[in-house]
Structures are given as C-alpha cells and as structure tokens.
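Biologist: I have a model open and would like to go through it piece by piece. Can we take it as questions and answers?

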Amino acid sequence: MPVATEKFRKILKEKGLKVTNQRVLVLQVLSNSPNRHLTAEEIYELVKAEYPEIGLATIYRTIQLLLDLNLVDRINLDDGFVRYEIARTDDTQKHHHHHLICTECGKIFSFEDDLLEKLEKRIEDTMLFKVTDHEVKLYGICKECSVNMESKKLSK
C-alpha cells in the first residue's frame, strides 16, 4: 500500500525539511508506482499533471534531496537510464529488493526474497565485512515473451 501523504509530510518534518508540494508530489508519484521504475523525466510528467508550473530542474533537485535522505532509491537497470523508486521505510524490507529484467521486451519485475542471507553471513564471519546492502538483477525472458516466442516457432 502506498505511503500516505501525511506520512510523507511527517518524514520530511522529522528530517528538518520544509514540506513543499514538489517534495510531497514526487514521493506520492513514486509511491503510487510501486512496480514501475521511473526516470526523472517520467516523474516530471506525472508531477506536472498535478502541478503544471513545476520545472524539470526542480524535479532533479528534489530527487537528489530525497536520495540524500534515503527516501528514494536510484536504480541502474543497464538500459541507459537512471531510474528511481520509493525507498522502503522498513530497512529489513529494503535490503531484499531485487529485479528481473526481460531481455526481449525490457519489462522489469520487482521481487523480494532473501536470496543471499547465508552468503552475507559467511562473508561477515570469514572476511569481517558487514554487507549493508546488495543489488540483484537477473536477466531472462518473461512468461509473456516466452509464450510469444513459442507461438512464433509453431506458426513457422
């Protein structure tokens, strides 16, 4: 469930920031798009629909501020774009967020699982290195593309 506007306002106040429409709208847009990984330009278009006088530079500054506060995460999905998503407010959930990337259609699927917990524990025990975060990107072919590829084969 997307985080409520009031919660965003409270978080901004707790961080000592002025609560502005731009900041709240960027957080709302990201929160309302949980399965999308938006570029700054996409965020701009969505915010602009509700706040037409906003500029792209304001979006970039707002995103940077929210990144600095760990309210937004930056993602590189190897498609030439920097993308953003709302950060998990519960740190235990944030750590286990991964992405599946379809090499055929480019769709990105998020999933949560603790695939690397044992490895991280072993690294901590043997290397005395505490892993605080990781990013997993798995490339493959989604179900829809698999079905389409199979039907193309059969029609030949």
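**Helix packing and the rest**

Modeller: This is a predicted model. Start with helix H2: its buried residues pack against helix H1 (5–14), H3, helix H4 (56–68), strand E1 (72–76) and strand E2 (82–86).

Biologist: How many of the residues of H2 are buried?

Modeller: Buried means under 20% relative accessible area. In H2, Arg 23, Val 24, Leu 25, Val 26, Leu 27, Gln 28, Val 29, Leu 30 and Ser 31 are buried. H2 is thus mostly covered, and the count is nine of its eleven residues.

Biologist: At what angle do the axes of H2 and H3 cross?

Modeller: Two packed helices are described by the angle between their axes and the distance between the axes. Here helix H2 spans residues 21–31 and helix H3 spans residues 40–50. Their axes come within 10 Å, and the crossing angle is roughly 115°.

Biologist: What is the handedness of that crossing, left-handed or right-handed?

Modeller: Take H2 as it passes H3. The crossing is right-handed.

Biologist: Which class has seven residues in the contact of H2 with H3?

Modeller: H2 brings Leu 25, Val 26, Val 29 and Leu 30 to the contact. H3 brings Ile 43, Leu 46, Val 47 and Glu 50. By class, there is one charged residue and no polar one, and the class with seven is nonpolar.

Biologist: Which residue in E5 is the bridge partner of His 99?

Modeller: E3 and E5 run parallel, and four bridges join them. For His 99, the bridge partner in E5 is Lys 137.

Biologist: Is His 98 buried or exposed?

Modeller: His 98 is found in strand E3 (residues 97–102). Leaving aside residues up to four places away in sequence, His 98 touches Phe 109, Ser 110, Phe 111, Asp 113, Leu 115, His 134 and Val 136. Its relative accessibility is 0%, so His 98 counts as buried.

Biologist: On to cysteines. How many disulfides does the structure hold?

Modeller: A disulfide needs two cysteine sulfur atoms within 2.5 Å. Cys 105 is in none, as the nearest cysteine sulfur, that of Cys 145, is 3.6 Å away. The sulfur of Cys 142 is also 3.6 Å from its closest cysteine sulfur, in Cys 145, and so too far for a bond. The number of disulfides is zero.

Biologist: What is the relative accessible area of Cys 105?

Modeller: Cys 142 counts as buried because its relative accessibility is 9%. Cys 105 is partly exposed, with a relative accessible area of 38%.

Biologist: Last, the whole chain. What share of the 156 residues in the protein chain is buried?

Modeller: The protein chain has seven helices and five strands. From the N terminus on, its elements run α-α-α-α-β-β-α-β-β-α-β-α. Its C-alpha atoms fill a box of roughly 60 × 50 × 25 Å, taken along the principal axes. Buried residues make up 35%.

Methods:
Residues are numbered from 1 along each chain as its sequence is written. This is a predicted model: local features need pLDDT of at least 70, side-chain atom pairs count only at pLDDT 80 or more; totals for chains, interfaces and linings use all residues. Side-chain values use heavy atoms; hydrogens and water are left out. Axes are lines fitted to C-alpha atoms, for helices over the stretch in contact, and angles run from 0 to 180 degrees between N-to-C directions. Helices (H or I, at least four residues) and strands (E, at least two) are DSSP runs, numbered from the N terminus. A crossing is left-handed if the near helix is turned anticlockwise from the far one by less than a right angle, and right-handed if clockwise. Contact means heavy atoms within 4.5 Å. Ala, Val, Leu, Ile, Met, Phe, Trp, Tyr, Cys and Pro count as nonpolar, Asp, Glu, Lys and Arg as charged, and the others, Gly among them, as polar. Buried means under 20% relative accessible area, exposed over 50%, partly exposed in between (1.4 Å probe, protein chains only). Two strands pair if DSSP finds at least two bridges between them.
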